Amino acid sequence: MIAKITGGQTTADLIRYLYNTKKKGHTDPHLVASWDGFAPDPGRAEDFDATKRALVADLDLHVKQAERLDKGPEKHVWHCSVRAAESDRILSDDEWADIARRVVAATGIAPEGDPDGCRWVAVRHAPDHIHIAATKVRADLRIARHWNDYLTADRELAAIEKEYGLYRVVRGDRTAAKRPTRAEQEKAKRAGHDKTARERLRTTVRTAVAAATDTEEFLRLLEHTDGVLAEIVRFPSGDVRGLKVALADDINARQEPIWFSGSDLAPDLSWPKIRDRLADTARTRQPWETALAAAEHIPHALTHDDATVAQAHITALAETIDVLPLLAPTPCRAELRQAAAAFERASRSSIHAENRHAAWLRGAVKDMLRTPPPNSPDSTLWALFLDTIVLAVIATVRWHDLHHHGQQVAAARQALTHIQAVADQAAAAPLAGLTQTAPTSAAVQLRYAHVVRAVLPEHAEKILDAPDWGALAATLARADAEGRNPAEALRNAAGQRPLDDARHPARLIAWRIQRVSAQEAQTPRVTPSVPRPAPSPITHRKHR
């Protein structure tokens with residue numbers, strides 16, 4: 001169930017609207033409940049107009065009394081619509097009456113057992129929703145205390161959904177970015193943009209945060225982005241107060257840019273939060289390997305580490321996804337931009353992120369933009385990186401679900417679909433190349449199949465039945481030819497991280513074996529160690 005709370009109308013205007021049968025969807029308007037159970041109902045009266053006037057007068061009684069004492073509020077109407085989901089059964093009038101009483105009680109309009117509560121009525125003019133019309137002056141002529149009424153109504157509706165067996169709406173935790181207004185959407189449509197200025201700026205600022213190494217570079221990136229205006233707002237003392245950004249082509253009636261603060265774009269884009277994230281960054285000379293090792297660690301961190309540490313890894317994962325369009329080949333960029341836009345909602349929760357725990361991933365991603373990828377046989381490094389990100393996003397879905405973050409779960413799943421599509425596209429060429437070199441001898445393939453069954457019995461059938469089994473067989477044959485034990489190579493690759501969530505374990509193992517082979521070819525006797533963030537170190541693999 002969804003509640004929508006508004007105000008600003010007069011009582012007469014609201015009642016006129018609720019009983020207007022000429023409005024589309026308004027059929028058989030009638031009361032289902034009222035403050036005392038005896039309010040006049042125009043929908044069931046012979047003299048509709050007279051009864052409607054009587055209802056308005058009854059609702060406004062305490063408002064008029066307060067006005068005579070100069071105590072009346074400037075806006076005295078409280079209007080709450082409550083709508084059921086399309087999949088819900090049709091509720092009876094008695095059920096809607098119970099829901100209305102619970103909502104006005106929960107919001108403070110008419111607390112249960114309070115004889116001085118506000119006057120209100122619930123009108124039903126459609127099968128799937130009701131409207132609650134109330135006046136905000138109590139019988140003791142005080143103004144109702146209904147602060148935070150949307151959240152209290154929403155909380156009560158969540159309990160009603162459970163008790164009535166209705167569809168459970170996915171609710172937020174007040175960490176979502178502000179939605180664009182209808183006016184912003186219409187303005188963007190007139191200008192030929194598929195996104196509003198707020199949304200375009202959010203993407204730009206997030207990408208700049210993910211790419212910048214410090215606050216000075218962050219501001220330079222914004223200033224050098226075509227069509228973007230950025231200013232630092234300062235206190236009279238000269239200290240930084242915040243950040244504001246605008247699009248050069250988004251102007252108001254006075255031909256002035258329409259500015260947005262960072263927090264207007266998203267809760268984590270305020271200047272203090274941007275500054276803190278940029279400060280919690282570690283640099284590395286081998287960014288691709290460091291980023292890969294850090295990303296591989298995310299599923300373990302989300303399973304075993306403290307919630308604040310886990311949230312830090314999710315925040316850094318979001319920054320990684322934000323820069324993927326800058327790293328990807330041109331055909332993949334649009335899909336990855338959609339992934340980044342979707343995962344943005346999954347990047348935050350009410351749990352505070354201890355960002356220092358993900359400093360190595362954050363720093364490595366920034367350095368990846370400045371460092372070409374190391375030579376990788378069959379271009380598998382990019383494919384491995386994407387498959388690793390897929391596993392990290394799956395772990396994020398599971399973590400948010402465990403913490404009952406419904407909106408974040410939905411957002412992460414949406415992003416996952418896009419990233420999986422790009423990962424499959426990136427894997428196609430190297431898989432085809434490997435498959436062409438797969439052993440043709442049935443005896444050799446059977447021998448490697450026996451190795452898979454012996455080393456990975458729980459995954460063997462999925463691996464051997466997969467279309468990319470030939471690529472893994474080719475990789476095992478190559479390792480065999482290099483003098484490595486195929487069983488040991490398979491065991492090491494599978495042991496790097498669990499395969500339970502892998503859609504394509506055969507290709508993921510093939511990438512990992514090739515990665516180890518490339519590392520050993522370049523640094524056969526050296527295994528340098530990347531410094532580890534405390535207290536949850538990342539277990540790094542050998543670097544190139």
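Predicted model: local features only at pLDDT ≥ 70, side-chain atom pairs only at ≥ 80, totals over all residues.
Student: Which order do the strands take in the open sheet of five?
Tutor: The order is β1-β3-β5-β4-β2, with antiparallel pairing. Strands (E, at least two residues) and helices (H or I, at least four) are DSSP runs, numbered from the N terminus. Two strands pair if DSSP finds at least two bridges between them.

Student: Which strands stand at the edges there?
Tutor: β1 (2–7) and β2 (30–34) do. Each has a single partner strand, so one side of each is left without a neighbour in the sheet. Neighbouring strands of this sheet are turned by 25° against each other on average, direction ignored.

Student: How many bridges join β2 and β4?
Tutor: Four, in the antiparallel sense; β4 covers residues 120–126. Ser34 stands opposite Val121 in β4.

Student: Which helix lies across β2, β3, β4 and β5?
Tutor: Helix α4 (residues 93–107), running at about 130° to β3 (77–83). Axes are lines fitted to C-alpha atoms, for helices over the stretch in contact (heavy atoms within 4.5 Å). Angles run from 0 to 180 degrees between N-to-C directions.

Student: Now the sheet of three strands. What is its order?
Tutor: β6-β7-β8, open, with antiparallel pairing. β6 (228–234) and β8 (260–261) stand at the edges, each with a single partner strand, so one side of each lacks a neighbour in the sheet.

Student: How many bridges pair β7 with β8?
Tutor: Two, again antiparallel; β7 spans residues 240–247. Lys244 stands opposite Ser261 in β8. Helix α7 (residues 197–211) lies across β6, β7 and β8, at about 120° to β7.

Student: Switching topic: how much space lies in the second largest pocket?
Tutor: About 420 Å³. A pocket is an open set of points on a 1 Å grid over the protein atoms alone, where a 1.4 Å probe fits, with protein on both sides within 12 Å along at least five of seven lines. The volume is the space filled by probe spheres set on the points, which are joined across faces, edges and corners.

Student: What lines that pocket?
Tutor: 19 residues, the closest to its centre being Asp268, Lys273, His352, Ala353 and Asn355. Lining residues have an atom within 4 Å of a point. α10 gives the most, with three residues.

Technical notes
Residues numbered from 1 in each chain as written. Heavy atoms only, no water.
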